[in-house]
Amino acid sequence: MAIKEEKKPFNQTLTEWRQFFYNPQNGQFMGRTASSWGLILLFYLVFYGFLAGLFTLTLWVMLQTLDDEIPKYRDRISSPGLTIWPRPDSAMEMKFNLSDPRSYSSYTDALADFLKEYENQQNRNIACEPGSFFIQDDRKEKAACLFNRSLLGECSGLNDTDYGYSTGSPCVLVKMNRIIGLKPNGQPTVNCTYKTETDDRLQFKYFPEGGTFDLMYFPYYGRKVQLTYVQPLVGVKLLIGNNRKDISIECKIEGSPSVKNSDDRDKFLGRVAFKVTVIE
């Protein structure tokens, strides 16, 4: 039969705890002398100091391989996407009423505000030679080529502040996303088509003529070194007129093999699709 241990008196337990925290006979604190605690603290100080130094050195070495101006790895986005302006309200769909200016005022106001940036760059950017790349690899601070708003013709808003929305021939501005270092092969050109066969009789007008992105706006060197850069635009006028009022449109970049326009994983890679609904 097991013998039950006798319970220690409370005072004895309290005394043992006091001696554990501090024993005046040998000067120990929590079972160790001051010199023992000092050696332990010194060990951990050196150990964690070494780890912190190693981490700092590793981080510094890694930062030396990076460029403040250009991302080191850019292989995930090798081809630009397309966007349109004004941005549709939802689901890439624009709706407006020809007889109600308030229904399309948000679109025309968005276009006007967007093109202000192109007005502001008139005195900051320079006239470049069309048709060839603007190479500036040997310059620390890069200049940017001037994009004249008048190149957008009927979609510039200079002569028609309604951008064609009041007459059923609305304008959209197609913009190519920025890709650092991109030098397109051939001549990048915007080509828009209607996505339904019944709309194939409808037409488009492009500004600049032919819907081209001039090569002088390439390559792009990055926001930090090319502060005043603005992307080239293509104005697309949708000649809807008295034809069908509910249409689906897709615009693609063509004429440049290095710019992809077909990828099932990314519906905006080199292309953009949207819908226009016109109410009378």
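Me: What makes the pairing of the Gln136 side chain with the backbone nitrogen of Ala143 a polar contact?
Reply: In this predicted model, a polar atom of the Gln136 side chain lies 2.6 Å from the backbone nitrogen of Ala143. The limit for a polar contact is 3.5 Å between N or O atoms, and 2.6 Å is within 3.5 Å, so the pair counts as a polar contact.

Me: Why is Gln136 called buried, and where is Gln136 found?
Reply: Gln136 is found in the loop between α3 (101–120) and β3 (171–176). Its relative accessibility is 1%. Buried means under 20%, so Gln136 counts as buried. Leaving aside neighbours within four places in sequence, Gln136 is in contact with Lys142, Ala143, Tyr221 and Gln226.

Me: How do you know that the second largest cavity belongs in the count of cavities?
Reply: The count takes cavities of 30 Å³ or more. The second largest cavity has a volume of about 40 Å³, and the count comes to two cavities. The largest cavity has a volume of about 60 Å³.

Me: How can empty space inside a model be found at all?
Reply: A probe the size of a water molecule is rolled over the atoms, and this shows where empty space is left.

Me: Which residues line the largest cavity, and how do they divide by class?
Reply: The lining consists of Met176, Asn177, Arg178, Ile179, Phe218, Tyr220, Tyr229, Gln231 and Pro232. These residues divide into six nonpolar, two polar and one charged. Arg counts as charged, so Arg178 is the charged residue of this lining.

Me: What makes Arg178 a polar partner of Tyr220?
Reply: The side chains of Tyr220 and Arg178 make a polar contact at 3.2 Å. This distance is within the limit of 3.5 Å. Leaving aside neighbours within four places in sequence, Tyr220 is in contact with Arg178, Ile179, Ile180, Gly181, Gln226 and Tyr229.

Me: Why does Gly81 count as buried?
Reply: Gly81 has a relative accessibility of 10%. That value is under 20%, so Gly81 counts as buried. Gly81 lies in the loop between α2 (34–64) and β1 (82–85).

Me: How far apart are the C-alpha atoms of Gly81 and Lys175?
Reply: They are separated by 8.5 Å, and the two residues are 94 residues apart along the chain. Lys175 is among the contacts of Gly81, which also include Met176, Asn177, Phe268, Leu269 and Gly270.

Me: What share of the whole protein is buried, and how many helices and strands are there?
Reply: Of the 280 residues, 38% count as buried. The secondary structure comes to three helices and eight strands, in the pattern α-α-β-β-α-β-β-β-β-β-β along the sequence.

Methods. Residues are numbered from 1 along each chain as its sequence is written. This is a predicted model: local features need pLDDT of at least 70, side-chain atom pairs count only at pLDDT 80 or more; totals for chains, interfaces and linings use all residues. Side-chain values use heavy atoms; hydrogens and water are left out. Contact means heavy atoms within 4.5 Å. A polar contact is a pair of N or O atoms within 3.5 Å; within protein, one must be able to donate a hydrogen and the other to accept it, and residues adjacent in sequence count only if both atoms are side-chain atoms. On a 1 Å grid over the protein atoms alone, a cavity is a set of points where a 1.4 Å probe fits but cannot get out, and a pocket is an open set with protein on both sides within 12 Å along at least five of seven lines; lining residues have an atom within 4 Å of a point. Grid points are joined across faces, edges and corners, and a volume is the space filled by probe spheres set on the points. Helices (H or I, at least four residues) and strands (E, at least two) are DSSP runs, numbered from the N terminus. Buried means under 20% relative accessible area, exposed over 50%, partly exposed in between (1.4 Å probe, protein chains only).
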